[in-house]
Amino acid sequence: MLLQCEDLVVRYGLIEAVRGVSFAVEEGQIVALIGANGAGKTSTLRALSGLLRKAGGRVTFRGQDITRAPSHRIVHLGLVQVPEGRAIVATMSVQENLELGAYTRPRRDAPAVRAEIARLYERFPALALRRRVLASSLSGGEQQMLAIARGLLSRPTLLLLDEPSLGLAPRLVREVMRIVSEIRAGGTTVLLVEQNARQALALADRAYVLEQGQVTLQGSGREILADPGIVRAYLGVAPAAEDGRG
Amino acid sequence: MLQQIVNTLIIASIYALFALGYALVFGVLDILNLAHGAIFMAGGMAAVQAALVWHWTLWLAVPFGILVGGLLGVVLDYAAVAPLHARGAGFLAPLISTLAASAIFVNVALASFGADSFSFPAGSFPDTPLTFGGAIVRPVQILIVGLAVLLMLALTLMLRYSRLGRAIRAVAANRLAAQLAGIDVGRTVAITFFLASALGALSGILYGLNLESAITYDMGDTIQLRGLAIIVVGGMDSIPGVLLGSLLLAASETLAVVGIGSSYRDAIGFGLLFLVLVIRPSGLFGRRGLRAA
Amino acid sequence: MFEAIGNWLATNSNLINDTGLNALLALSIYVMVACGQLSLATPAYAAIGAYTAALMTPMSGPRVPFVLQLSAGATLATVVAALLGLPLLRLSGIYLNIASIGFVAVVSVFFLNFPPGGEGSGTPYIPPATQSWQIYLILGLACYLFWRLEGSAVGRSLRSIRQDEAATRALGIDAASHKLGAFAASGLIGGIAGVLYARLHFQITPTTFSFGEAVNDLTSVIVGGSFTWFGSLLGASLMTGLPDAFQFLQNARNIVDGIVLLLVILFLPGGLVELPARTLGLIRRRRPVLTAPAAGEPADARDGQHGTQAPESGVKIGAEPLLRIEGVSCFFGGVHALEGVSMSVRAGTVHGLIGPNGAGKTTLVNVLTGFNRPTAGRITFDGRRLDGRRTYQIARLGVARTFQNIRLFAALPAIENVLVARHRHGLRRSLGRVAFLPTAARHERREREAALESLRLAGIHGDAGRPAGTLAYGDQRRVEIARALATQPRLLLLDEPAAGMNRQETTKLGEAIRALALPTRAILLIEHDLPLIMQVCDYITVLNFGRVIAEGTPAEIAANPAVIEAYLGHEDDVVALEQHDVAAL
């Protein structure tokens, strides 16, 4: 068990965004958290990374209790998040953004880091072309690649991806999901939060459905994909077949 | 003429060291530390009191003053700034809380040391004036300019090349990104406050060394505005901006004293400030994030 | 008994006078804080008023009536404040604050070099003339005006400017003139306080009204409560009265001031005024509560309507386009955000705008609503040119929008959010409210009922009296749409309204949007949710890299190869678990 989350509670003032959520992530898996906005997915991830205070519950990572751990320590332990909205440093270049991802790596790792950056540039040629360019001038898709690459440089054992497909054209969403597959193939476990349920469920070994701050359904990706309630609520009917206009 | 240039450089050095404190804090937090003037005073007061009451030499008193200033900055962050940031208050709240802290610091000084003005004991620093090219310079003034240049250089190098510098620049540029990269943001901000306040305290000490009877409980008042003018002109969080802004302000003041009369000197800062705010609010260098160049 | 009171008043006359004056100075600061401008220029206004009074009190010769002095001092200070406000209007928070602090210093230096004012040594002796009753009469008048205006449209507008100035302008409110008015009011009150002070305290020097004074006044405002005029009164009374009552505080007075201010700003940001409510655990409710529908009741299908007629079946297309965009380009940040964009939107239609991230969709909406200036092209709406106009003017012409990231006035109740949008109908009524006219009260009641109704129709299940920021996400979106509709727009721009909604909610939203497309109204819908676009739109324009790459009916767009290539991709080509042969990253 790489990550275990038990009865997590997160509050914003008087509002309980997460009300007792429990789930587990095994090493080597892709686990998906799906649900609508306001269901508590992003709050859950932020709490996991120590960005939000947990009002209750327990989080164990690699056998260690990280419930009260500060965010920087959690990153050092190998739990890295690529946040919703990417959090790219707009005033720094692509290269500087990448190097930021290597902040937790010790100095002696410098040659390894350089090699990894080179490989990342190979994988993402669009970034290589814009090495010295300010990150703010990248397109949405390129920024997402940069955010993921930056996250990978921290050598994560578990990578949290918060809505990587948000705001991206469907063509790019495919690309991002392919990258997620590659990441898992490379040995990094992935916890994926998505509104794009179809994609996330197709990819996931295990999935949890969040509604109003609670887990209402869990199972393998395929099981949930086949659940008629889910199909109705999240996947809708293909647009061409619908005749419900007016 | 050369004397005017020398005077300008000396004044500009003190201003620059002080204004750097504003720039650093604004860079990482997007707030103005309105207690910075009080820390300027605290540094000078601590050093001079140590020298007068405990008879410490400058070698001890000056680092002491710097330390006191730096620690006050950390306390300020811990008590008045970080809690507000944690609960997501806007820009208004930290302005007010630092104002409040300033009032506390200044009035504690008033209560402790009265309204008198203090000077470092005569002979603390070699005092034989040097002349070159018709200008008279005291050794302490050479120290002031030298320190300013040295520290600005050191700060620039630190920001660009050191691990701490990378952390500070990251936090200044995007706090969330810094957090996600594993940077201890709270500690980085506290260290920044320490550095900023240490610089402010040092400028206060140097101010006291440069002028007779300069250290009083309210000595922070006039320099506060000048510091604000400098960073506004220089672009709020740019180090070269501070450099340029300080030179510009000091030069304008010197010229104004010669031209219009010394009683208008305090208004020069505002005049410049107003001009910049109306014409180019982003300052001469614009907001480019805490960059060393 | 009366004798005892009379005696107490006599012996404490200084305290009473100072309290009144400090209250006036605090109100001068309050009026600026109330609209989100931290201008600390009040001491400058007071100095101007004071010196005017001093100069109008000659040692010999005819006596100038006190009333004249008040008028002159107040007028001068008001004019100066307005002149100061003009360039400062477009400055944001911190810069405004710095500029105001500097202004105080400049005025001080001015009087330092002002021979008629006695320069450094200050004015000659000023015989006293101010009486307590005069101070309190003026204070009472000021409080009355604040009280009446606070609940009026003007007060609401100032509050919403404090919350989010841009969103306020997008509702058709001229924020600049409101702020300028606040500057003038601040100057007026400060100037009067200065005159009263001068005729009470015998002498004025250039350092009488300094930055320190501004800090004291700001402390009164914050400690008392910066969200209501009463807070300034309370704060000034406490700050002036308590040190007097407790002698030991006198010496440590300023330190205690600082500590109290720090504690308040940390733990009680709304000031002491909120202390009773907080300790009782109450949330203040001054407005009627919106009763929520029974649990489980689905949101009304007529989401978002506001006093509109039933939708007609089928689609009506107007003859002449309501909105015509011709060759619009927008270049900023080194990028051609928009390049030669042309399109038309007809009344009675829902027009979709789609495209990849960064294609320029939101930029186009910003250009339409005046948030960005186009570098080329023209925009015509209902026969009038839009490009070049300011945001609030465009809004008044009948263009309303919602924002991608919800921009509600989060601290204001939902009902106030909607009421602000009806501002233009309430300005005259504000003055009526000051005069306690019954028509004003009636009008206010009607406005409230209309606002509550529109919220109910929009399906808001939460409490309309609670701060809008505490509502559920979906409700917040609906409030934003209701607010935009309250301006009775002819063109409604919706920027990604379905963001964050699941399929069910999105479908309902789509029905509501279709219902909004009246014969006289057009909707421009930006969305990434393709099923919604297809469900709802009559016509679609596709942007990519700032250019229009396709337009047509939904069926045409879905079949357009350029669109498919750039944006749609192949819908069913999902990445599945079987792809083990993917290279490791």
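Helix axes are lines fitted to C-alpha atoms, over the stretch in contact, and the angle between two of them is taken between their N-to-C directions. With that in hand, welcome to this predicted model.

**One helix, two partners**

Helix H2 of chain C covers residues 13-33, and its axis comes within 10 Å of the axis of H6(C), the two crossing at roughly 30°. Angles under 35 degrees count as roughly parallel, and H2(C) is therefore roughly parallel to H6(C). The crossing of these two helices is left-handed. On the H2(C) side, the contact is made by Ser13(C), Ile16(C), Asn17(C), Gly20(C), Leu21(C), Ala23(C), Leu24(C) and Leu27(C). Facing them from H6(C) are Ser132(C), Ile135(C), Tyr136(C), Leu139(C) and Ala142(C). Sorted by class, this contact has 9 nonpolar and 4 polar residues, with no charged ones.

H2(C) also packs against helix H10 of chain C, residues 211-224, at an angle of about 70° and with the axes 8 Å apart. Angles of 65 to 115 degrees count as roughly perpendicular, so H2(C) is roughly perpendicular to H10(C). Here Asn22(C), Leu25(C), Ala26(C), Ile29(C), Tyr30(C) and Val33(C) of H2(C) meet Asp217(C), Leu218(C), Ser220(C) and Val221(C) of H10(C). By class, the contact of H2(C) with H10(C) has 7 nonpolar, 2 polar and 1 charged residues.

**Chain C as a whole**

How many helices and strands does chain C have? Its secondary structure comes to 24 helices and 10 strands. Chain C has 585 residues, of which 52% count as buried. Take the contacts in chain C between residues at least 6 apart in sequence: 76% of them join residues at least 24 apart.

The domain assignment of chain C gives domain 1 (10-279), domain 2 (316-398 + 489-585) and domain 3 (414-487). Domain 2 of chain C gives 8 residues to its contact with domain 3, and domain 3 gives 7. On the domain 2 side, those residues divide into 5 nonpolar, 1 polar and 2 charged.

**Where chains B and C meet**

The contact between these chains takes 33 residues from chain B and 31 residues from chain C. Which elements of chain B give two or more residues to the side that touches chain C? They are helix H3 (58-86), helix H4 (92-113), helix H9 (220-234) and helix H11 (265-279) of chain B. H4(B) provides the largest share of that side, 13 residues. The chain B residues on this side divide into 28 nonpolar, 4 polar and 1 charged.

Definitions and conventions:
Residues numbered from 1 in each chain as written. Chains lettered and ligands numbered in written order. Predicted model: local features only at pLDDT ≥ 70, side-chain atom pairs only at ≥ 80, totals over all residues. Contact = placed C-beta atoms within 7 Å. Helix = DSSP H or I, 4+ residues; strand = E, 2+ residues; numbered from the N terminus. Nonpolar A, V, L, I, M, F, W, Y, C, P; charged D, E, K, R; others polar. Axes fitted to C-alpha atoms, helices over the stretch in contact; angles between N-to-C directions. Parallel < 35°, antiparallel > 145°, perpendicular 65-115°, else oblique. Left-handed = near helix turned anticlockwise from the far one by under 90°. Domains from an automatic or database assignment. Buried ≥ 20, exposed ≤ 12 C-beta atoms within 10 Å, placed from the backbone.
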